[in-house]
Amino acid sequence: MDSVDQDSRALCAFIRDHPRLVVLTGAGISADSGIPTYRDRRGVWLHREPIQQQAFLEDENTRRRYWARSWFGWPVVRDAIPNPAHYALAQLEAGGSVQLLITQNIDRLHQRAGSRRVVDLHGRIDRVRCLSCTRVHARETVQGLLQARNRWTYRGPVATRPDGDVDIPEDVCRRLVLPRCELCQGDLMPDVVFFGGSVPRRRVATCMDSLEQADALLCVGSSLQVYSGYRFCRRAQQLGKPVVLVNPGLTRADDMARLKLTSPAGPLLARTAERLC
Ligand code: APR
């Protein structure tokens, strides 16, 4: 029996004993869809300084840097396809095992794989809001606005980052003409929670209410380094509900896990869904 098989049998047994799960996912579940993680398997940050919410709101150059990098990076997320891990969680939801799926990812791959009961804890990158009139734009519409206002391109090296971000030279970012709201010409912001921003209280409350009703918390592909996700592990522990981790690397909740499965999420969850559904 290989290690994926062993882990899958353990997870199946756990789910049979705890049939109502809340699932929390992180960047690791989308790694097989070509979207990089933020941290490595030791939980170490892999990238440059992330955009801070306050700086985005107050500083035009920060918005210019964000939108220039997003102009080249958006197609990576737009064109990403769900992988077996996303489909397996949708299957487990259809089979009645998943009461709620809380994702820290903003790529909408769970919904595209068929999951219905999903909370995008950190928002969604396929939607953009006007900071003045709050009008919502589809991100692809904003891609058209970027193209229309910037009749130039950049053919240099591009390093893909998480969240539809890419690394391009600062002087290229400074050339960008910002996209503007189609209605009022206001500044635009992706419908996501940047670093330093806070998750809407009602969104957190929905997740906590679901956790109260669940039998256990299953965390897949998250380092749990950020309090925003980790708080659900702490709450599960306070409620006396077991926490299961699917992660080949270290997480902040390793010491509280009932079960730590180190197989990669794709093959493990696909085999588990096959067995259970
Ligand atoms: N299967 C399971 N886990 C995997 C896989 C895989 N195939 N590949 C990588 N991982 C694990 C890594 O070991 C790592 O622990 O995925 C985890 C990714 O951790 P992070 O990059 O820290 O992602 P996440 O936990 O989602 O970050 C949470 O932090 O940067 C902020 O807002 C951002 O939503 C993000 C939040």
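## Basis of the model

Because the structure is predicted, local features need pLDDT of at least 70 and side-chain atom pairs count only at pLDDT 80 or more, while totals for chains, interfaces and linings use all residues. Residues are numbered from 1 along each chain as its sequence is written, and side-chain values use heavy atoms, with hydrogens and water left out.

## Around the ligand

The ligand is surrounded by 23 residues, the closest being Y38, R39, S222, S223 and N247, where a residue counts as near if one of its heavy atoms lies within 4 Å. By class, this shell holds 11 nonpolar, 10 polar and 2 charged residues (Ala, Val, Leu, Ile, Met, Phe, Trp, Tyr, Cys and Pro count as nonpolar, Asp, Glu, Lys and Arg as charged, and the others, Gly among them, as polar).

Oxygen atoms of the ligand lie 2.7 Å from a side-chain N or O atom of S223, 3.0 Å from a polar side-chain atom of H122 and 3.3 Å from a polar backbone atom of G221. Taken alone, the ligand exposes 730 Å², of which the protein buries 95% (Shrake-Rupley method, 1.4 Å probe).

## Helix packing

The axes of helix α4 (residues 84-94) and helix α10 (residues 265-276) come within 8 Å and cross at roughly 30°, so α4 is roughly parallel to α10 (angles under 35 degrees).

Notes
Polar contact = N/O pair within 3.5 Å; in protein donor to acceptor, adjacent residues only side chain to side chain. Axes fitted to C-alpha atoms, helices over the stretch in contact; angles between N-to-C directions. Helix = DSSP H or I, 4+ residues; strand = E, 2+ residues; numbered from the N terminus. Parallel < 35°, antiparallel > 145°, perpendicular 65-115°, else oblique.
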